[in-house]
Structures are given as C-alpha cells and as structure tokens.
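Dear colleague,

Please find below the structure for your review.

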Amino acid sequence: MINQSEFITKLAVDSWHTHLQRLSQFIDNLSDDQLMKRIAPKKNRGIYLLGHLTTVHDRMLPMMFFGDTLFPELNELFLIQPDNPDVEYPPIPTLREHWYIVNKTLNQHIGTLPIEGWLERHSAVSEQDFVKEPHRNRLNLLLNRTNHLSNHFGQLLLLKEGALV
C-alpha cells in the first residue's frame, strides 16, 4: 500500500511529466518561423520562451543537487536579459536539442530520487533556513517549476495558427 508521502510525490511527478510531455509535443509541431513570432505585440517571442524554459530547467539540476548545468552559456541570454530581436540567439534547432537534452537528464534524475529525497532542501535554501521552512524542499521546487512551465505553455499556445492575437 502506498503511503501519503509517496502518493503526493507521485501526483507531483506525474503532473511534471504530463505538462513537460505536452509542451514538448507542442514545440515539435511549431515551425521555426512560428517560434520567431511574438506571442503578442511587445511580448516575448517563442524562441525566447523556448530558451528561457530550457535554461530554467537546466538550472534545476544544481538546485536539486543533480549536477551542474549543461548549458550555462544560456543564462545571460534567457534569464538575465529580456527578449531582444537584435541579439543573436542560438539557432532554433540547437535550442530544441538543448531542450530535449536538459529534460532527459533532469527526468533521469527525477526517476531515481527516493521519496525521502523529495522532502530534502534544494540548493536555493540554506540549511539554517530549511530548519525553519522545511516546505522549501525539492518537491516544492518541482511544483513551482511545473506551474512555471504551464504558464509559459499558455503563452506559447498563442503562436499556433489561428490563435487570437
């Protein structure tokens, strides 16, 4: 019989996988031209959102103590700086490849993390603060990143032909 911690963790991990799979399939079906479009006037382009999500997921690796980031060169472009059409971003096929590499690596680690590992702190919280705030754990980070992914997926949907923009 599954205990409550296992049940809650399974729900969170399954939600992560479902949202990630749906977004990955959606990205596969967008053309490079669609990814170059803005989601709305004066808003981010698809290429920026793809790079941003890739970078955020890449940074989950060290935050969850799974290892170093795979593509640290993307941090400046997609986390620190806003979308800028004058900036030369990596080619879209390269960003797509990075997206899949990062998420495959992340999911391999997620799949092997024991239940008790989910309730341990992540690297953005000190050991002292974690004692006071034990909810700042890896499971909470996964839930936060699932929500982040879902939010940007909603934005990317506007790139699809026939979307109301």
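A nonpolar core is a set of buried Ala, Val, Leu, Ile, Met, Phe, Trp, Tyr and Cys residues joined through side-chain atoms within 4.5 Å, where buried means under 20% relative accessible area with a 1.4 Å probe and protein chains only. The model is predicted: local features need pLDDT of at least 70, side-chain atom pairs count only at pLDDT 80 or more, and totals for chains, interfaces and linings use all residues. Residues are numbered from 1 along each chain as its sequence is written, and side-chain values use heavy atoms, with hydrogens and water left out.

The largest nonpolar core has 39 residues, and those with the most contacts inside it are Leu-23, Trp-99, Ile-110, Trp-118 and Leu-142. H3 gives the most to this core, with 8 residues; helices here are DSSP runs (H or I, at least four residues), numbered from the N terminus.

The axes of H3 (residues 46–63) and H8 (residues 138–156) come within 11 Å and cross at roughly 175 degrees; the axes are lines fitted to C-alpha atoms over the stretch in contact, with angles from 0 to 180 degrees between N-to-C directions. H3 is therefore roughly antiparallel to H8 (over 145 degrees).

The whole structure holds 4 aromatic pairs (Phe, Tyr or six-membered Trp rings with centres within 6.5 Å; planes under 30 degrees apart are stacked, over 60 edge-to-face, the rest tilted). Phe-26 and Phe-153 form a tilted pair, with centres 5.4 Å apart and planes at 55 degrees. Both Phe-26 and Phe-153 are buried. Phe-78 and Tyr-89 are stacked, at 5.0 Å and 25 degrees.

Definitions and conventions
Helix = DSSP H or I, 4+ residues; strand = E, 2+ residues; numbered from the N terminus. Parallel < 35°, antiparallel > 145°, perpendicular 65-115°, else oblique. Buried < 20%, exposed > 50% of the residue type's maximum accessible area, 1.4 Å probe, protein only.
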